[in-house]
Amino acid sequence: MRAVEKAEIARLLRPFGETGDQGLESISIYIDLLLKWTRKINLTAVRDPKEIVTRHFGESLFAATHLLPPNWRGAVIDVGSGAGFPGLPMAMSCSTASVTLIESQGKKAAFLKEVIYALALKNVSVFNGRAEGFPSQGDLVTLRAVEQFEKVLPISIKLVKRGGSLGLMIGKSQIEAARQLLSTVEWKQPLEVPGGHSRALLIGINS
């Protein structure tokens, strides 16, 4: 029996965006793998399956809705992917995008590869290394809940092509710090993430 059934996932995700039946099936499989691996390594502090749906998948779906147009064919780089958020759900929601998950920890990278295999995702790859060692740039770079935010942010903007976007899933209290750290970026108005956790999607254009 699955940790969360598809109908319940659909209900929980409704405030964040929509996903089809196959997407719901994939999320259900993903949650089961996440809970299994979290018993062995620290992938997420959120252990309640329903909260995983809203906090991790909900935020990621919200980001995908605002950052990825339908049939978009750009390159996405998810920095410090960890358990795969928002990069993997974004790849699941837009099969035409090419997504790279950057994760320096070997065990977490192994988890990401298992999810990719289990969900038969053809548009995702894992870079097991540090962001500063990644050899190319993307049209969109995403960042969510990473440690050493002030250190990682200047590294992340270097991965964004000129005219490309930086999408930050951060706490509202971090918005001003992001703007000050990257003062040359053209920042859009932050979008409040549903769910009442004082989270925001902050999008910047690398001009």
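**Close-up 1. The largest cavity, which holds about 50 Å³ of space.** In this predicted model, the structure holds 1 cavity of 30 Å³ or more. Its lining is formed by Phe16, Thr54, Arg55, Glu59, Val193, Pro194, Gly195, His197 and Arg199, and these lining residues divide into 3 nonpolar, 3 polar and 3 charged. Helix H3, which spans residues 49-67, gives the most to the lining of the largest cavity, contributing 3 residues.

Close-up 2. For Phe149 and Ser173, the separation is 24 residues in sequence and 12 Å in space, taken from C-alpha to C-alpha.

**Close-up 3. Asn206 in the segment after strand E8.** The place of Asn206 is in the segment that comes after strand E8 (199-205). Asn206 is likewise buried, because its relative accessible area is 15%, which also lies under 20%. The side chain of Asn206 reaches the backbone oxygen of Val160 at 2.9 Å, and Val160 is also one of the residues that Asn206 touches, together with Ile157, Lys161, Arg162, Gly163 and Gly164, again not counting residues up to four places away in sequence.

Key. Residues numbered from 1 in each chain as written. Predicted model: local features only at pLDDT ≥ 70, side-chain atom pairs only at ≥ 80, totals over all residues. Heavy atoms only, no water. 1 Å grid on protein atoms, 1.4 Å probe; cavity = no way out; pocket = protein on both sides within 12 Å on 5 of 7 lines; lining within 4 Å. Points joined across faces, edges and corners; volume = space filled by probe spheres on them. Helix = DSSP H or I, 4+ residues; strand = E, 2+ residues; numbered from the N terminus. Nonpolar A, V, L, I, M, F, W, Y, C, P; charged D, E, K, R; others polar. Buried < 20%, exposed > 50% of the residue type's maximum accessible area, 1.4 Å probe, protein only. Polar contact = N/O pair within 3.5 Å; in protein donor to acceptor, adjacent residues only side chain to side chain. Contact = heavy atoms within 4.5 Å.
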